[in-house]
Amino acid sequence: MVIDELVKFSNFYGSNEELVLAGGGNTSAKENGVMYIKGSGTSLSTITKDGFVKMNRAKLKEIFSKEYPDNDKEREALFLEDLSDAKEPGEESKRPSVETTLHSLFEYTFVLHLHPALVNGLTCSENGKEKAKELFGDSVIWVDVCKPGYILSKICFDLMEKYKKCFNKSADMILLENHGVFVAGNTVEELDEKLSLITSKIRNEISREPDFSSGEFDGEKSMRTFNKISETFGELFNDDAVISYEPSEESLKIAQSEETVKKIYNPFNPDQIVYCKPYPIYIENEEDIPSKTTEYKNKNGFLPKIILVKDCGAYAVDVTEKGSTNASMLFNDALKIACYAESFGGGKPMTAELTDFIVNWEAEAYRSKQAK
Ligand SMILES: [Zn+2]
């Protein structure tokens, strides 16, 4: 049964922190007329058969012959509706990953989609596209950064059709700018070979590894900062603040000045927006935490999750322990991406326009999850 193999390799890749963080990544398997896809809100490391949603492949295919409106909200709402309608009977209460349609495009049994920092060092870099061509030639399709949801799957659909005509072969490896990687194969071994090929070629190009050992930080200032954050979130916003603090070499180096913070200020990928909020706050003096946090909240409508403090490093704040740990993990992921991207001409974050789209899109997707 392909579902058993699917669960097994999902748990295997999901347990590797270099490849999967929090709820990131997704997997699928096709059998006859159906496709099993990871459900939204599940984690690859612990997913079981029940975590997968059984989809009707013919209905998924129909999505690509439909016309959708240009208006973002209308289009994405209709797209989510069609995605929901493509569920097999009995699956009504489940919510398939928003990347389901991308999986359906591959003409292979198994598909693995991940957002590894190493790969994103390339996909979130200035010279990424050029370098990918140099490293992989025509074996990999590069997809320029675009809006997620329907737009991304339609662009992939067109590129994969073109690829098939051109090379007389169905595409099996895709790099998505500012996002991650897709590999597809008819056996799990093939997935492994293709992913290893991509990661090993990228790794060979890396000139510096990120350093997460504890750096030299200002102990007293870091304590005052910790208390100030707690006080600010509690008193000003009546919010519980669970703080994860890691004074790593890498975070201390970024939290040196407004100039160094620029390297990671704008988000590299959607995960970072989901788990860390789009932008961090940088503060030289902990006394400025209340005013800077208020300013951020007034401007964005939500509180920051990452606070960078000179000589102290990074603080990840959230109302829950899990949220705080995830924010910290994904911020470290951004630091890794920035570091790896140095080998490819430096980091290239998403534009403010796309960032805003994703902030709103995530909120919409979340609301639809609550409603269904
Ligand atoms: Zn993804």
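1. Let's start at one residue. Ala184 touches Phe106, Tyr108, Phe110, Val111 and Asp172, leaving aside residues up to four places away in sequence; a contact here asks that the C-beta atoms, placed from the backbone, lie within 7 Å. Please keep in mind that this is a predicted model, in which local features need pLDDT of at least 70 and side-chain atom pairs count only at pLDDT 80 or more, while totals for chains, interfaces and linings use all residues. Residues are numbered from 1 along each chain as its sequence is written.

2. Is Ala184 buried or exposed? Ala184 counts as buried because 24 C-beta neighbours fall inside 10 Å. The scale calls a residue buried if 20 or more other C-beta atoms lie within 10 Å of its own, exposed if 12 or fewer, and partly exposed in between. Asp288 is 104 residues from Ala184 in sequence and 49 Å from Ala184 in space, C-alpha to C-alpha.

3. Now to the strand around this residue. Ala184 lies in β7, which covers residues 180–185 and has six of its six residues buried. Strands (E, at least two residues) and helices (H or I, at least four) are DSSP runs, numbered from the N terminus. In a regular strand, side chains alternate between the two faces of the sheet. For β7, Gly180, Phe182 and Ala184 are buried on one side, and Val181, Val183 and Gly185 are buried on the other.

4. Which strands pair with β7? β4 (residues 110–114) pairs with β7 in the antiparallel sense over five bridges, and Val111 stands opposite Ala184. β6 (residues 173–176) also runs antiparallel to β7, joined by four bridges, with Ile174 opposite Phe182. Pairing requires that DSSP finds at least two bridges between the strands. The hairpin of β6 and β7 has three residues between the strands, and Asn178 there takes a positive phi near 50 degrees.

5. Finally, the wider layout. The protein is divided into domain 1 (2–203) and domain 2 (219–371), with bounds from an automatic or database domain assignment. Their C-alpha centres lie 28 Å apart, and 27 residues of domain 1 are in contact with 29 residues of domain 2.

6. On the side of domain 1 that touches domain 2, α3 (72–85), α5 (117–123) and α6 (128–136) each supply at least two residues. Helix α5 gives the most, with five residues. That side divides into 10 nonpolar, 11 polar and six charged residues, where Ala, Val, Leu, Ile, Met, Phe, Trp, Tyr, Cys and Pro count as nonpolar, Asp, Glu, Lys and Arg as charged, and the others, Gly among them, as polar.

Definitions and conventions: Contact = placed C-beta atoms within 7 Å.
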